[in-house]
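Dear colleague,

Please find the structure below for your files. My notes on it follow directly after.

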Amino acid sequence: MDELERSPRLEKLKQRLQRREGSGFVFRRTPLEAEIKTPHKEWEAVSSLPTSRKATSSWLRLGLWLSMAFFAVAIAVAGFVFLQGSNIVSNRNIDIEIRGPLAVKAGNATDLEIALSNNNRDGLEAVDMVIEYPEGTRQVGDVTDQLVRSREMVGNIPSGQSVSRFAKAVFFGEENEPKKIRVVVEYRVSGSNALFEKEEWYEFRISGSPLNIVAETAKEINSGQEIALKIKAVSNSDAPLDNVIISVAYPSGFRYVSSSIRPLSAASDTWNLGTIAAGEQRQLEIKGTLEGRAHAGKTFAVRSGVARPDKNDEIDIVYANVPVVVSIKESFFDPRIVINENAQEEDMVLPGDAMNIPVKIEWINNVGAPLVDGQLAVTLEGRAIDKTSVLGNGFYRSSTNVISWDGKLEPSLASLPIGGKGLASFSFRSLPLVSPDGKTFTNPVFEVKAQLRASRLSAGFAHEEVKSVVTRRIKLSSIIGVAGKVFYENGPIANTGPLPPVVDAMTKYTVMWSVTNSSNDLKAATVKATLPLYVEWTGVVSPAGERVVYNPRTREVVWDLGDVAAGTGIGGRERSAAFQVSFVPSLSQVGVVPVLVSDSVFSGTDTFTGAVLSAKKINMDTVPSGDEESEHKDGMVVEKQN
C-alpha cells in the first residue's frame with residue numbers, strides 16, 4: 001500500500017481532483033439505437049386477446065369512477081358532520097373543578113367551591129349537582145346528623161358559561177386518614193329526554209383528630225400481675241365534643257378488675273366520657289390482671305369516637321386508635337396448664353361430647369434461690385362442670401370449686417431448689433350439654449386458674465413470698481346431628497308409582513332432612529348428599545322457605561340452612577326440609593333395596609368456638625322409613641308382572 005501511495009499516477013489523480021476549475025476529465029457520449037423486437041409467430045395466432053384486454057379496461061375505468069364518487073360523498077358527509085354536528089354535547093367539554101383544602105382538621109366545618117364549566121357549543125339544561133360524602137361526614141351545626149349525599153338544582157348552563165356552587169360539611173376520621181368526595185353533574189340536552197352525567201373526585205386527608213388519646217401502662221410485668229391502663233383524652237377541637245366514648249379491646253389473658261368510670265357494657269370494655277369542652281381533658285384508669293407466657297407481647301387497642309345514636313356503647317365516628325403493648329417477663333415459677341396434653345396459651349376448644357378432661361399443672365423455679373413452703377391452688381369455674389367428677393391427689397373443696405396442694409400432698413412444693421420442677425394433676429368432667437328435660441348450656445366454657453406461691457430462701461430475702469398466676473379457658477363446641485327419612489305416603493309431598501318398586505316403572509319418593517344443634521349458634525350451615533345415577537331430581541321442595549338446590553352436573557343436593565340457632569331440634573324447635581326424587585328400577589336391581597340418597601353430611605361453623613363441625617347420616621334407601629307400618633320388603637325391587 002505504501003508503494004501505491006507514492007505512485008506518480010496517484011499523485012496526478014489527486015491533483016486533478018483538487019483543482020478548483022474542474023476535474024479535467026472528458027466524458028464521451030455514445031448514442032443509443034432503439035431495439036425493435038417482433039412478437040413470436042405463435043402469439044399472432046391468438047385473435048381474442050385484444051378484445052379481452054379492451055373489456056377489462058372498461059371495467060377498471062368504471063370501478064375507478066365509482067370509487068371517486070364514493071370518496072366525494074364521504075368527504076361531503078364528513079364536512080356536514082364537522083360543520084353541523086359540532087353542536088353535539090360532549091362530556092369532554094364539561095369541566096368540574098373542586099376547590100378546597102388538601103388537609104382538613106377533623107371536627108371543623110370545611111368549605112368547598114365547585115365550579116361547573118360548559119365548553120360545548122350547545123347549552124346544558126336541567127343541571128343537577130350531586131355530592132357523595134365519605135363515611136364520617138356530618139352536617140354543619142349538628143354533628144349527630146349524618147351527611148351521606150346532597151343534591152342541588154343548578155338549572156341551565158349556556159354554552160361557554162361557568163357557574164359555581166358551595167358546599168359545607170364537617171369531616172371526621174383518624175389523623176392522616178385519606179378521604180374522597182364524589183361530585184356528579186346530571187344534565188339534559190335540547191331536544192332529548194335522556195339524562196347524562198359526568199363525575200369528578202376530590203381527595204384530601206384528615207390533618208388532625210378533634211380528640212387526642214394518650215394511653216400509658218407498665219412496659220413489662222410478670223404473668224398474673226395486676227396492671228393499670230391510664231387513658232387521657234384531650235380535646236383538640238374548637239367546639240364541644242358530644243357523646244364521646246372510649247372502647248378498649250383487651251388482649252388474651254387480661255381479666256378486668258375495676259375502672260375509675262363505670263363501664264357501659266357487660267364486657268367492661270366501653271366508657272362514656274360525655275361532652276368534652278374545647279381544650280378540656282378527661283382521664284380513665286382501668287385495672288386488671290394480665291397473664292401469658294414469658295416474653296409474649298400483649299396489645300391493648302384503645303379507640304375513641306362518637307357513640308352511635310341508636311347504640312351508646314358502639315363507636316359511630318372514630319377519632320383515634322391507639323395501641324399499647326405490654327411485654328410479659330419471665331415469671332417466678334413459669335407455671336403451665338396442660339389440658340388434654342395441650343399446653344398452648346390461647347383458649348382451648350374441645351368437642352361438646354368430650355366428657356373427661358385431664359389437667360396438669362407444671363412449674364419450674366426461676367427465682368434464682370431455693371423455695372420452701374410452696375402452695376398450689378387451682379380454681380375451676382363454669383356452669384357445666386360436674387363437681388362429682390373432680391379427681392386428683394389435691395384436696396377439692398366443692399363449695400368454692402378450688403383444688404389445693406401443699407408440701408405434704410406434693411413433695412416438690414415443700415422444697416424446690418433453683419431450677420427444680422414440679423407437677424400436679426387432676427381431672428374433671430363436663431355435664432351433658434343437653435339434659436334429659438331438653439335444657440341446654442349456651443356457650444359453655446370452663447376456666448382453670450392456677451396460683452402458685454412459695455417463700456424465697458436467700459440473703460436479704462428472708463421469708464419473702466413470691467407467686468405466679470396463670471389461667472386457661474376451655475370452650476366446648478356445640479353438638480350437632482342430622483337425621484333423614486324416606487316417605488311414600490305420610491310425607492309433606494304427594495308421591496306416585498308402584499310400591500314396592502317395579503322394574504321399568506317410575507316411583508316417586510320424598511326425602512326429608514332434619515338437623516339438631518345443642519349449645520352454640522352455627523353459621524354457614526349446609527346439608528349435602530349426592531343422588532345415584534339411577535335416581536332423578538324432580539324439583540319439588542317443601543317447605544318453600546327452605547333453600548334446597550340440585551346440581552345436575554355433580555348430582556349433589558344441597559340444603560343451605562345459613563344460620564342455625566342453639567337449641568334447634570331440641571325442645572320442639574324443629575328445622576327440616578324435604579325434596580322429591582324419582583326412581584325407575586332396572587332388571588339388574590331385582591331383589592335389591594337400592595340407595596336413594598348417599599351419605600348426608602351436615603356441617604357449619606360454631607360461632608362461639610370458631611370450630612367447623614360436621615355430622616353424617618348414612619345412606620337412605622327405597623324403604624319408606626317415615627311411613628307408618630312400612631316394612632323392608634316395601635323397598636325391594638320386583639319384576640314387572642305380565
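Which residues does P358 touch, not counting residues up to four places away in sequence? They are V338, I339, N340, F426 and S427, where contact means heavy atoms within 4.5 Å.

Before going further, please note that this is a predicted model, in which local features need pLDDT of at least 70 and side-chain atom pairs count only at pLDDT 80 or more, while totals for chains, interfaces and linings use all residues. Residues are numbered from 1 along each chain as its sequence is written, and side-chain values use heavy atoms, with hydrogens and water left out.

P358 belongs to strand β22 (residues 356–364). Strands (E, at least two residues) are DSSP runs, numbered from the N terminus. With a relative accessible area of 35%, P358 is partly exposed; buried means under 20% relative accessible area, exposed over 50%, and partly exposed in between (1.4 Å probe, protein chains only). The C-alpha atoms of P358 and S425 are separated by 7.6 Å, although the two residues are 67 apart along the chain.

**K475**

K475 is part of strand β30 (residues 464–476). Because its relative accessibility is 15%, K475 counts as buried. Its contacts, leaving aside residues up to four places away in sequence, are D347, M348, V349, L350, P444, V445, F608 and T609. A charge sits over a ring if NZ of Lys or CZ of Arg is within 6 Å of the ring centre and within 35 degrees of the ring normal. The charged end of K180 likewise sits over the ring of W201, at 4.7 Å from its centre.

**Aromatic pairs**

Rings of Phe, Tyr and Trp (its six-membered ring) pair if their centres lie within 6.5 Å; planes under 30 degrees apart count as stacked, over 60 as edge-to-face and the rest as tilted. This rule gives 17 aromatic pairs. F172 and Y319 form a tilted pair, because their ring centres are 5.7 Å apart and their planes stand at 40°. This pair links distant parts of the chain, 147 residues apart: F172 is in the loop between β8 (162–171) and β9 (178–188), and Y319 is in strand β19 (residues 311–329). Both F172 and Y319 are buried. F426 and F428 make a stacked pair, 6.5 Å centre to centre with 25° between the planes, and both are buried. Ring pairs also join W513, W537, Y550, W559 and F579 into a cluster.

**Strand pairing**

Two strands pair if DSSP finds at least two bridges between them. An open sheet of five strands has the order β2-β10-β9-β4-β7, with mixed pairing. β2 (103–105) and β7 (149–157) are at its edges with a single partner strand each, so one side of each has no neighbour in the sheet. Within β10, E199 is the bridge partner of V184. Elsewhere, β25 (residues 395–397) and β26 pair in the antiparallel sense over three bridges. These two strands form a hairpin with four residues between them, and N401 in the turn has a positive phi of about 60°.

With kind regards
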